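Colleague: Could you walk me through this structure, one step at a time?

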Amino acid sequence: MNQQLFLEMIDAAINGKTIDLSEVNEEFIRVAKEQTFLPFLYVASKDKKYKKYYIQSVLIHERINEVGKLIDNILNEAKIPHIFLKGYELQNLYPDPNLRMMGDIDILVKPEDYDKALKLLLNNNFKTILESDKDYELSYNNINVELHHKLFEDFRILKDFFNKPFENTISNELYNYKFDDNYNFIYIVGHYAKHINMGAGLREIIDIYLLLKNKNLNIEYITTILKEFNLNKFFNMILNELSTIFNYNNIKYIENKDTNKMISYCLKCGIHGFANDNNTHIANEINNLNNGNKIKFVFKKLFIPIKQLFSLYPWSKLIITIPFAYIYRLFYLLVNKNKELKKAIKYKKDENYYLLKSLNLNTIDNNNK
């Protein structure tokens, strides 16, 4: 794939330029799809053969925004303070909101309102998908919604900085609050750092660029906080990427010779690390969540936390049945995850491991220290 042309497409779509994309191949379009950039093809080129992608994104966007408005109305009526996170809020920074595709709607409520908010949504035909330590995943008309009561899990080093998010809001409309711009920027960078270990695309790079371009941010304060959480090298890499993609040089940075490697890594991974197949995702999980230790990776896949074990196998809740549940899981992995296990066994530390390690991204969680 022509990586340089791909980056030019991003810049053109975001900054109102027009480029020729008439000769791009299927690989180019596949990567655009994995990055959620299909509407960029039409906006950047004005080529009618790509208009179908733009129309599809408009239709999806309308459905997502309808669900967002429904959630807003339900929580406002119940007088529950809430904050829309990430894409749903950031879409308004884009020259065309339809360029900011979303996989779901993320919304934050206070811990004391969490059960009430969840019950209200369930009573309004939202369906349960999955519960985790920090959120509840729901669905409404095939649109996924994540209801959060905290921004980061307890093992994330950013959790303390973000433990009182409603104290960092600057405006509200009824009970719909918005983060202070600096606080939101640090959240976006921190959230990107959290996900890039497992593979993340370039969508967040555009979010960060538009925040820098459109908001009056206190960069000195932001860089101080990011340095405190060992994210200064990662932010410096982001500034390198912004320079490469958008020629954005408003903030001083140290040139990093691995910038193109980082961009290639993000393009290869796809938006959530599942591009092409699970090869990249497995390597990333071993690289960054297990410090390159494939034995640790396999061990953690087998000996999952008790709470997760009980959720997967309800019959294991009796103490005497727990060992049998782990034996059952061993056979399950051998039968159903055989290919993934083989890939893990064949794994060797690669250049991506050393790239992310050089940015200290293997130290941003407490359990990786």
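What follows is a short exchange about a sheet and the helices beside it.

Colleague: Where is Glu146 found?
Modeller: Keep in mind that this is a predicted model. Strand β5 covers residues 143–148. Glu146 is found in strand β5.

Colleague: Is Glu146 buried or exposed?
Modeller: The cut-off for buried is under 20% relative accessible area. Glu146 has 17% relative accessibility, so Glu146 counts as buried.

Colleague: Which residue in β5 is the bridge partner of Asp106?
Modeller: Look at strand β2, residues 105–109, and β5: they run parallel, joined by four bridges. Asp106 is also among the contacts of Glu146 beyond its neighbours within four places in sequence. The bridge partner of Asp106 in β5 is Glu146.

Colleague: How do β4 and β5 run, parallel or antiparallel?
Modeller: Strand β4 spans residues 135–140. Six bridges join β4 to β5. In one example, Ser139 stands opposite Asn144 in β5. The two strands run antiparallel.

Colleague: Which residue takes a positive phi in the hairpin of β4 and β5?
Modeller: The hairpin has two residues between the strands. The phi in question is near 50°. The residue is Asn141.

Colleague: Why is one side of β3 and of β6 left without a neighbour in the sheet?
Modeller: Start with the order of the open sheet: β3-β4-β5-β2-β1-β7-β6, seven strands with mixed pairing. The strands β3 (127–131) and β6 (169–173) stand at the edges, so one side of each has no neighbour in the sheet, as each has a single partner strand. From one strand to the next, the twist averages 30°.

Colleague: What is the bridge partner of Glu173 in β7?
Modeller: Strand β7 holds residues 176–179. It runs antiparallel to β6, and four bridges join the two. The bridge partner of Glu173 is Asn176.

Colleague: What angle does the direction of helix α4 make with that of β2?
Modeller: Helix α4, residues 51–77, packs on the sheet. It touches β1 (82–85), β2, β4, β5, β6 and β7. Its direction makes an angle with that of β2 of about 15°.

Colleague: At what angle to β7 does helix α7 run?
Modeller: Helix α7 takes in residues 181–196. It lies across β1, β6 and β7. Its angle to β7 is about 75°.

Notes
Residues numbered from 1 in each chain as written. Predicted model: local features only at pLDDT ≥ 70, side-chain atom pairs only at ≥ 80, totals over all residues. Heavy atoms only, no water. Buried < 20%, exposed > 50% of the residue type's maximum accessible area, 1.4 Å probe, protein only. Contact = heavy atoms within 4.5 Å. Pairing = 2+ DSSP bridges. Axes fitted to C-alpha atoms, helices over the stretch in contact; angles between N-to-C directions.
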